[in-house]
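Me: I have a structure to look at and would like to learn how to read its features. Could you take me through them step by step?

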Amino acid sequence: ARSMAPSGRLCAALLCSALSLCSLRAAPRQPDTLYMWIEAQQARLLIGFEEDILIVSEGKMAPFTHDFRKAQQRMPAIPVSIHAMNFTWQATGRAEYFYEFLSLRSLDKGIMADPTINIPLLGTVPHKASVVQVGFPCLGKQDGVAAFEVNVIIMNSEGNIILQTPQNAIFFKTCQQAECPGGCRNGGFCNERRTCECPDGFYGPHCEKALCAPRCMNGGLCITPGLCICPPGFYGINCDKANCTTTCFNGGTCFYLGKCICPSGYEGDQCEISE
């Protein structure tokens, strides 16, 4: 790993603590418990070291967060260049954990809108390692430092709270003036070049277009990443299935209301006629 000045290491460590983080390295995963960490690639952007940073290990916060109030007094504002932070979490074995974001609130709405997340406010921690992205949407209307809250709890299967953002925790984000004509939607950020930087799953000059993979078929409309709105007569994740009102014979395939695609040698509305 590359070396880093002491002040840089302190700043990086405090940045990692900004959402109840710490700086422990990853360890072998144990079954039936909870882990949260920062992937090495994201860590390189934050602290200059390309290695995993462990946040929650075996269902417990790392020691660095235990004296959060003291750390908060020395905590720097998240710099202009960082528009979002990615965290990875996973419930191992058969353990079930539930989370709820109680607060995502900007205290300086003239500088920064409310923080964003790429997952529902309430849900289950996945058993497959998955990324949670917290966005810091500077409005680009003025220079300044915005204060904000991110309060999340994690509960076990009995409904007991096992992890929680420290009470009354306030964080800070540095923003610069950079108006993007037309604005940036869906959590996009207006950068210093006055162009929108879009979160994963969105694209376009204003981040107004969603990306569905696989793409929406049969005239379906992608309204958010992975979600297609299907026209009448179609359904499925990408609108690939038809609601058929007729039966196709002789190996025919229904592709729209009352219409069949017939195999070679057959014809008719229901492929019932042999050529």
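**Reading the features**

Reply: E272 is found in the loop between strand 23 (266-267) and strand 24 (273-274). Keep in mind that this is a predicted model.

Me: Is E272 buried, partly exposed or exposed?

Reply: The general idea is a cut-off: buried means under 20% relative accessible area, exposed over 50%, and partly exposed in between. E272 has a relative accessible area of 42%, so it is partly exposed.

Me: Which residues gather with E272 in a patch of negative charge?

Reply: E267, D269 and E275 gather with E272, and the patch is on the surface.

Me: Where is the nonpolar patch on the surface, and which residues form it?

Reply: It is formed by L221, I223, L227 and I229, which together have about 360 Å² of accessible area. Two strands, strand 17 (221-224) and strand 18 (227-229), each supply at least two residues of this patch.

Me: What can be said of L227 by itself?

Reply: L227 lies in strand 18. Its relative accessibility is 41%, so L227 counts as partly exposed.

Me: How many disulfides are there?

Reply: The general idea is to look for a pair of cysteine sulfur atoms within 2.5 Å. By this rule the count comes to nine disulfides. One of the disulfides joins C138 to C175, with an S to S distance of 2.0 Å.

Me: Which parts of the chain does the pair of C138 and C175 link?

Reply: The pair links distant parts of the chain, 37 residues apart. C138 is in the loop between strand 9 (130-135) and strand 10 (144-156), while C175 is in strand 12 (residues 171-175).

Me: Is the link of C138 and C175 left-handed or right-handed?

Reply: Look at the angle about the S-S bond. For C138 and C175 the value is -70 degrees, and the link is left-handed.

Me: Are C138 and C175 buried or exposed?

Reply: C138 has a relative accessible area of 13%, so it is buried. C175 is buried too, with a relative accessible area of 2%.

Me: What else lies in the loop between strand 9 and strand 10?

Reply: L139 has its place there, in the loop between strand 9 and strand 10. At 28% relative accessibility, L139 counts as partly exposed. The C-alpha atoms of L139 and G110 are separated by 7.3 Å, and these residues are 29 residues apart along the chain.

Me: How should I read the disulfide of C184 and C196?

Reply: Begin with the distance, then turn to the torsion and the place in the chain. The sulfur atoms of C184 and C196 are 2.1 Å apart. The torsion about their S-S bond is about -90 degrees, so this disulfide is left-handed. The pair links distant parts of the chain, 12 residues apart: C184 is in the loop between strand 12 and strand 13 (189-190), and C196 is in strand 14 (residues 196-197).

Me: What about the disulfide that joins C262 to C271?

Reply: Here the S to S distance is 2.1 Å. The torsion about the S-S bond of C262 and C271 is about -95 degrees, so the disulfide is left-handed. C262 is partly exposed, with a relative accessible area of 25%, whereas C271 is buried at 0%.

Definitions and conventions
Residues are numbered from 1 along each chain as its sequence is written. This is a predicted model: local features need pLDDT of at least 70, side-chain atom pairs count only at pLDDT 80 or more; totals for chains, interfaces and linings use all residues. Side-chain values use heavy atoms; hydrogens and water are left out. Helices (H or I, at least four residues) and strands (E, at least two) are DSSP runs, numbered from the N terminus. Buried means under 20% relative accessible area, exposed over 50%, partly exposed in between (1.4 Å probe, protein chains only). Patches are made of residues with over 30% relative accessible area and no salt bridge: like charges are joined within 9 Å, nonpolar side chains (Val, Leu, Ile, Met, Phe, Trp, Tyr) within 5 Å. Accessible areas come from the Shrake-Rupley method with a 1.4 Å probe; for residues, only the protein chains shown count as cover. A salt bridge is a side-chain nitrogen of Lys or Arg within 4 Å of a carboxyl oxygen of Asp or Glu. Lys and Arg count as positive and Asp and Glu as negative; His and the chain ends are not counted. The place of a charge is taken as NZ of Lys, CZ of Arg, CG of Asp or CD of Glu.
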